[in-house]
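Grab a pencil and work through these exercises with the structure open beside you. Try each task before you read its solution.

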Amino acid sequence: MANVVGGFLMSHDPLVFINPRKVDSSVVLAAYDTILERVRQLDATTAVIIGADHYILFGPNCLPQMAIGIGDVQGPIDPLPGVERGGIKGNPSLAQHIMRVGHEEGFDWAAAKSINVDHSVGIPVRRSLPSDGSVATIPVYLAAGVQPLIRTQRAYDLGGSIRRAIEAYPGDERVVVIGSGGLSHWVGLPQMGRINKAFDKLILDAVERGEPEALINLTDDYILEHGGNGAMEIRQLLCAMGAVRGAGKVIAYEPWDGGVTGLGFAELCVAS
Amino acid sequence: MSVHGIELALYDITTKSSVRKRFVAEPTEVLERYGLSRDEQEMIGGMNVSSMLDVGVSPMLTFGLWMCVRGPQDLPEYLNAISGCAREAV
């Protein structure tokens, strides 16, 4: 039987790699490396990476609430210094199984038979998975950047479906689930550059206590006011929390002034 | 047209390099394909990101447009351009 053996939460601010202000980013990059080392220690074989579209993959003609890459994977489509691009080893068999189980449970996955992921999945792949391809990637996208957004409860519940699917999979896969999303940040809005440390602490404290309800119950209006439109990505964190279920431990938090995002990194303990 | 038409044009400009190159060279020719009003075309062609936000265009696209056409080093100019905007929505 396949198992979820670990979980992680991480930010994916492209400015960490573009670094236009030339600010020391070593603490942030070290956090990605810490997760890479933990993925190796967990002997993971596949990573389900939950990212957020930024109006890069999906356009006004079709905006899925939830999408999963069930075939060919490559990326990231958006070039970033120090982030390798190209083919990414996928796991179509497990991905299709997760999709089928979801469909049976009432989660209407959109399927991407070929996907060129953006930085929200590409950065975790290139920075926190082994470069030798020993850990396959299953990309998942939840609507968090472009309206209509997936509801927070739905994102959390979807994580539970992913978990059930993995545990029903007839293989020996050791799966880590990565929620890739920012803390406070205002993308493209006049407040861009503001980082709300109090809001970020509220999120990370809930992660450490293993209390998804504290995040699910935040209204979008509250998140917009205190965390910005980018903080809608708590949906990505919630989905991973729904799959892993345990309390978390913060690896690093940096209100990095070289970028525009509160950068948080955490490991989630697997609960039965 | 509508805010959706503006978003479609911006999505194509920001994600399709051939459209983007053509937009930089001949913005009017590109924007005429989207059924946009003259005001909407001028808003996009003039990179008036503040007005785009005011009419409800996704900030992902206004920011993406600026980054694609001007480059990440022009982030301060983008922030200056939208400084008077009251928009807070997604």
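**Exercise 1. Find out where A:Thr137 sits, whether A:Thr137 is buried or exposed, and which residues A:Thr137 touches.**

Step 1: Start with the element. A:Thr137 belongs to strand β6 (residues 136–142) of chain A. Strands here are DSSP runs of E with at least two residues, helices are runs of H or I with at least four, and both are numbered from the N terminus.

Step 2: Before going on, note that this is a predicted model, in which local features need pLDDT of at least 70, side-chain atom pairs count only at pLDDT 80 or more, and totals for chains, interfaces and linings use all residues. Residues are numbered from 1 along each chain as its sequence is written, while chains are lettered from A and ligands numbered from 1 in the order in which they are written.

Step 3: Now count neighbours. A:Thr137 has 25 other C-beta atoms within 10 Å, so it is buried. The cut-offs: buried takes 20 or more other C-beta atoms within 10 Å of the residue's own, exposed means 12 or fewer, and partly exposed lies in between, with C-beta atoms placed from the backbone.

Step 4: List the contacts (C-beta atoms, placed from the backbone, within 7 Å). Leaving out residues up to four places away in sequence, A:Thr137 touches A:Ala47, A:Ile49, A:Val73, A:Ile88, A:Lys89, A:Gly90, A:Val125 and A:Leu129. As for A:Val121, that residue is 16 residues away in sequence and 9.1 Å away, C-alpha to C-alpha.

**Exercise 2. Work out how many residues of helix α9 of chain A are buried, and what follows the helix.**

Step 1: Go through residues 234–244. In α9(A), 11 of the 11 residues are buried, so the helix is largely enclosed by the rest of the structure. Among them are A:Arg235, A:Gln236 and A:Cys239.

Step 2: Step off the end of α9(A) and you land on A:Arg245, which has a positive phi, near 75°.

**Exercise 3. Describe chain A as a whole: its elements, its size and its burial.**

Step 1: Chain A has 9 helices and 9 strands. Its radius of gyration is 17 Å, close to the 19 Å from the globule rule for 272 residues, so chain A is as compact as a globular protein of that length. (The radius is taken over C-alpha atoms, and the rule is 2.2 Å times the number of residues to the power 0.38.)

Step 2: Along the principal axes, the C-alpha atoms fill a box of roughly 50 × 40 × 40 Å.

Step 3: Buried residues account for 57% of the 272 in chain A.

**Exercise 4. Which classes of residue make up the side of chain A that touches chain B?**

Step 1: Count the partners: 20 residues of chain A are in contact with 22 of chain B.

Step 2: Sort the chain A side, and you get 13 nonpolar, 7 polar and no charged residues. Here Ala, Val, Leu, Ile, Met, Phe, Trp, Tyr, Cys and Pro count as nonpolar, Asp, Glu, Lys and Arg as charged, and the others, Gly among them, as polar.

Technical notes
Two residues are in contact if their C-beta atoms, placed from the backbone, lie within 7 Å.
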